[in-house]
Amino acid sequence: MNVKVAQSKGKVFLCCLGRLKSVPRDNNFVFLVTRGKRSIDGVRQTTELAPSKDLFYKYTNLWKKSSENWWHLYEKQYLDELDLSFIDKLREGLDSGKNITLVCFCGDETRCHRSILKKLFTELNYETISY
């Protein structure tokens with residue numbers, strides 16, 4: 001008799017570059033999700049999940065310096081620009097039991113695109129863990 005064992009889903013880890021060493025590296029594909037180029041051993045650079053240059057400029061030069069509530073505008077524009085075909089590729093890996101780590105330079109995840117990605121993967125029923 002052949003018994004098929006259900007494969008458990010992989011986990012999504014999220015962190016800033018300074019905390020990357022804290023993330024488990026076994027069975028884990030690590031992606032630097034920024035537009036800035038950086039060569040890091042074992043880390044794949046990808047711009048598909050990074051904010052566009054236009055959105056990043058608005059964030060760093062306009063919104064971040066203002067006191068008005070801009071985060072909902074950032075989140076909407078980021079999701080509108082998001083490459084969903086890349087999300088689907090990551091889901092294939094997660095569904096086969098692979099873990100992924102999404103890394104960027106922001107120390108505070110609460111006002112970073114990582115928080116939007118965390119929410120998205122949580123809504124897709126993946127376990128997400130922030131470092």
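Me: Which backbone oxygen does the side chain of Gln45 reach at 2.7 Å?

Reply: A polar contact is a pair of N or O atoms within 3.5 Å. In this predicted model, the side chain of Gln45 reaches the backbone oxygen of Thr34 at 2.7 Å. The Gln45 side chain also reaches the backbone oxygen of Gly36, at 3.2 Å.

Me: Which residues does Gln45 touch, leaving aside those up to four places away in sequence?

Reply: Contact means heavy atoms within 4.5 Å. On that basis Gln45 touches Leu32, Thr34, Arg35, Gly36, Lys37 and Arg38.

Me: In which element does Gln45 lie, and why does Gln45 count as partly exposed?

Reply: Gln45 belongs to strand β3, which covers residues 43–45. Partly exposed is the class between buried, under 20% relative accessible area, and exposed, over 50%. Gln45 counts as partly exposed because its relative accessibility is 28%.

Me: How do the elements of the protein chain run from the N terminus on?

Reply: The order is β-β-β-α-α-α-β-α-β, made up of four helices and five strands. Among contacts between residues at least 6 apart in sequence, 66% join residues at least 24 apart.

Me: What share of the protein chain is buried?

Reply: Of the 131 residues, 40% are buried. The accessible surface comes to about 8000 Å², and carbon and sulfur atoms account for 50% of that surface. Along the principal axes, the C-alpha atoms fill a box of roughly 65 × 30 × 20 Å.

Conventions:
Residues are numbered from 1 along each chain as its sequence is written. This is a predicted model: local features need pLDDT of at least 70, side-chain atom pairs count only at pLDDT 80 or more; totals for chains, interfaces and linings use all residues. Side-chain values use heavy atoms; hydrogens and water are left out. Helices (H or I, at least four residues) and strands (E, at least two) are DSSP runs, numbered from the N terminus. Buried means under 20% relative accessible area, exposed over 50%, partly exposed in between (1.4 Å probe, protein chains only). A polar contact is a pair of N or O atoms within 3.5 Å; within protein, one must be able to donate a hydrogen and the other to accept it, and residues adjacent in sequence count only if both atoms are side-chain atoms. Accessible areas come from the Shrake-Rupley method with a 1.4 Å probe; for residues, only the protein chains shown count as cover.
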